[in-house]
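I opened my notebook to get to know a new structure. Here is what I looked up, step by step.

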Amino acid sequence: MFKALGVGEETCRAIEEKGFKKPTPIQEKAIPPLLEGKDLVGQAQTGTGKTAAFGIPIVEKTEVEKRVVQALILVPTRELAFQVAKEIKDLGKYRGVKVFAVYGGKPVRKQIELLQKIRPHVVVGTPGRVKDLLERGVLKLDNLSTFVLDEADRMLDMGFIDDIKFIYGKTPAQKQTLLFSATLPDEIKEVINRILKEDREEVYIEPQKPTVETVSQKIYRVDNENLLKTFLEKLEEIPFGKAIVFTQTKVEADRLAKHLRSLGFKTAPLHGDYSQSRREAVLRDFRRGRINLLVATDVASRGIDIGDLEVVFNFRLPQDAESYVHRIGRTGRAGRKGIAVSFSPVSDDDRFIRIRKLVGNSFEFVNLSEKPLLKGLLKGRKKKSYKR
Ligand code: ADP
Ligand code: MG
């Protein structure tokens, strides 16, 4: 129970409304020392509830009557800025904590206006935009008490180290510093040793079953009409040598493969209507790299073992949850790293919920739709407003 960790009544109520029944392991270990004011390093794979692990102590410690920025959370991407801000906003709603997300790609002037209007207690942002706002003098960190680096390994991979140093230099010496990362390469350890206090708390969480630990999973929830568009965007964004796209039906496999070919992808469909010899030929081409994007139905996927398959796309989530585990298990084999990227149109929320039940929160969930998650299946969850 969250109450037993020292979380106050209002925040417990907000947590309950989010549908969290009990703390995840990282929340259990991180929340008490964070409430005490300790620095902290948290290592855990995605989907383990790191956001609330730092979000809950942040909303608890916010001095609501002081309208100054008290916590700054740096994240690598716009999507995350938005998502993390939303979660902290939810958690802090009964305490009256104001949260604001800043990120690139939006006109800076508009953001400055909002920043000055909202006067947030908590700012979540990407390093580039935060630095920009600091340089313009519109974001002030003089009263900052908590500084969080979320997904630190990804931020470093993305080349944000100089921006982060700049921002860190603008924070007061007296503060609590938190760093979360899925991995702890030497570079990150150096950062930890440089900016975190020596008596920091360190929390490491072992990955959990049943999904393959070496596959990092992401699920995008999209409005039905945006499915193809979002899929194509991600297909362009995510680099791969070889990838499979799973479709629901044979017709869909044929159609999608045709479309992808017209866009210049080296692709072929694979499904149960093709003769055995044709299927073997397609697989051979795939193994040899003559094609590098296979568009397949579930039927065709059984037993496929392509060692250098890097990415599995689920154009839509499969109907049964076991298939999901099976599909994404096509990658990340023999200890290699794999990526699974799935798209879930809102009309398939029931599938998403079944899969979540089976695999737990082993995936990163990116909600690109404004529509509420299928109501009947979220027992006891109240409607909430999305106002800033
Ligand atoms: P991470 O940052 O570790 O990748 P997130 O903080 O994004 O993970 O959490 C993943 C998902 O799990 C989110 O949808 C979040 O709302 C949910 N979640 C977090 N904590 C709990 C909990 N205690 N119980 C149930 N769901 C939770
Ligand atoms: Mg996270």
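**Entry 1: the whole chain.** I began by noting that this is a predicted model. I then looked up the secondary structure and found 15 helices and 14 strands. Next came the radius of gyration, which is 22 Å, close to the 21 Å that the globule rule gives for 388 residues, so the chain is as compact as a globular protein of that length. I also fitted a box along the principal axes, and the C-alpha atoms fill roughly 70 × 45 × 40 Å. Of the 388 residues, 52% count as buried. I checked the contacts with a separation of 6 or more as well, and 75% of them are between residues 24 or more positions apart.

**Entry 2: the start of the chain.** I turned to the UniProt record, an unreviewed entry, which places the feature "domain: DEAD-box RNA helicase Q" at residues 1-28. In the model, I found this span to be 50% helix and 0% strand, and its end C-alpha atoms lie 9 Å apart.

**Entry 3: a sheet.** In what order do the strands of the open sheet lie? I read off S10-S11-S9-S12-S13-S8-S14, which makes 7 strands with parallel pairing. At the edges I found strand S10 (267-270) and strand S14 (363-367); each has a single partner strand, so one side of each is left without a neighbour in the sheet. Neighbouring strands here are turned by 15° against each other on average, direction ignored.

I then followed S10 to its partner, strand S11 (residues 293-297), and noted 4 bridges between these parallel strands. Thr267, for instance, has Leu293 in S11 as its bridge partner.

Two helices that pack on the sheet went into my notes too. Helix H12 (residues 276-288) touches strand S9 (243-247), S10 and S11, and its direction makes about 145° with that of S10. Helix H14 (residues 321-328) touches S8, S9, strand S12 (311-314) and strand S13 (338-345), and its direction makes about 150° with that of S12.

**Entry 4: Arg221.** I picked this residue out of strand S8 (residues 215-222). Is Arg221 buried or exposed? Its relative accessibility is 1%, and since buried means under 20%, Arg221 counts as buried.

What does its side chain reach? I found a polar contact of 3.2 Å with the side chain of Asn367, and the backbone oxygen of Lys371 at 2.8 Å. Looking beyond residues up to four places away in sequence, I listed what Arg221 touches, including Ser344, Asp349, Phe365 and Leu373.

Methods
Residues numbered from 1 in each chain as written. Chains lettered and ligands numbered in written order. Predicted model: local features only at pLDDT ≥ 70, side-chain atom pairs only at ≥ 80, totals over all residues. Heavy atoms only, no water. Buried < 20%, exposed > 50% of the residue type's maximum accessible area, 1.4 Å probe, protein only. Polar contact = N/O pair within 3.5 Å; in protein donor to acceptor, adjacent residues only side chain to side chain. Contact = heavy atoms within 4.5 Å. Pairing = 2+ DSSP bridges. Axes fitted to C-alpha atoms, helices over the stretch in contact; angles between N-to-C directions. UniProt positions renumbered as here; feature names shortened; annotations may be inferred. Rg over C-alpha atoms; globule rule 2.2 N^0.38 Å.
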